[in-house]
Amino acid sequence: QVEVVESGGGLVQAGGSLRLSCAASGSIFSINAMYWYRQAPGKQRELVAGIASTGSTNYADSVRGRFTISGDNAKNTVYLQMNSLKPEDTAVYYCYAIIRLGPERPFWNYWGQGTQVTVSS
């Protein structure tokens, strides 16, 4: 059994900062990568940032230079530092993890329940 839990969302004024955390727990053998997605009302879920087990990262153009993703492999945790927030960053932010439960087992995809980020103008 694996659980992915986000935390750190909230209400912030435009220009402010928030730090999201995502922790994966349970019978985890290894994590291939972890990602942050977001979904605003009436819009499709979109990729925000990702980090592989190697440490390589990728970002959506809309957040590059403002958001930073980082990870702690020992804690199976990924963070999203969000600076210079804009009202258009308002969304539910979801964590997505690609996890292997054993050495000979395939990778499975796991989603967190989401955390609300609201940026006021």
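Of the 32 residues in the largest nonpolar core, which touch the most other members?

## The core

They are Trp36, Leu80, Met82 and Tyr93. A nonpolar core here is a set of buried Ala, Val, Leu, Ile, Met, Phe, Trp, Tyr and Cys residues joined through side-chain atoms within 4.5 Å. Strand E9 (91-100) gives the largest share of this core, five residues. Strands (E, at least two residues) are DSSP runs, numbered from the N terminus.

Let's zoom in on Tyr93. Among the residues that tyrosine 93 touches are Trp36, Arg38, Leu80 and Met82; contact means heavy atoms within 4.5 Å.

## About the model

This is a predicted model, where local features need pLDDT of at least 70, side-chain atom pairs count only at pLDDT 80 or more, and totals for chains, interfaces and linings use all residues. Residues are numbered from 1 along each chain as its sequence is written, and side-chain values use heavy atoms, leaving out hydrogens and water.

## Arginine 38

Arginine 38 sits in strand E4 (residues 30-39). With a relative accessible area of 6%, arginine 38 is buried (under 20%; exposed is over 50%, partly exposed in between, with a 1.4 Å probe and protein chains only).

Its side chain makes polar contacts with the side chains of serine 62 (3.4 Å) and aspartate 89 (2.9 Å). A polar contact is a pair of N or O atoms within 3.5 Å; within protein, one must be able to donate a hydrogen and the other to accept it, and residues adjacent in sequence count only if both atoms are side-chain atoms.

## Alanine 74

Now for a loop: alanine 74 lies between strand E7 (67-72) and strand E8 (77-82). Alanine 74 is exposed, at 76% relative accessible area.

Definitions and conventions:
Helix = DSSP H or I, 4+ residues; strand = E, 2+ residues; numbered from the N terminus. Lists of a residue's contacts leave out its neighbours within four places in sequence.
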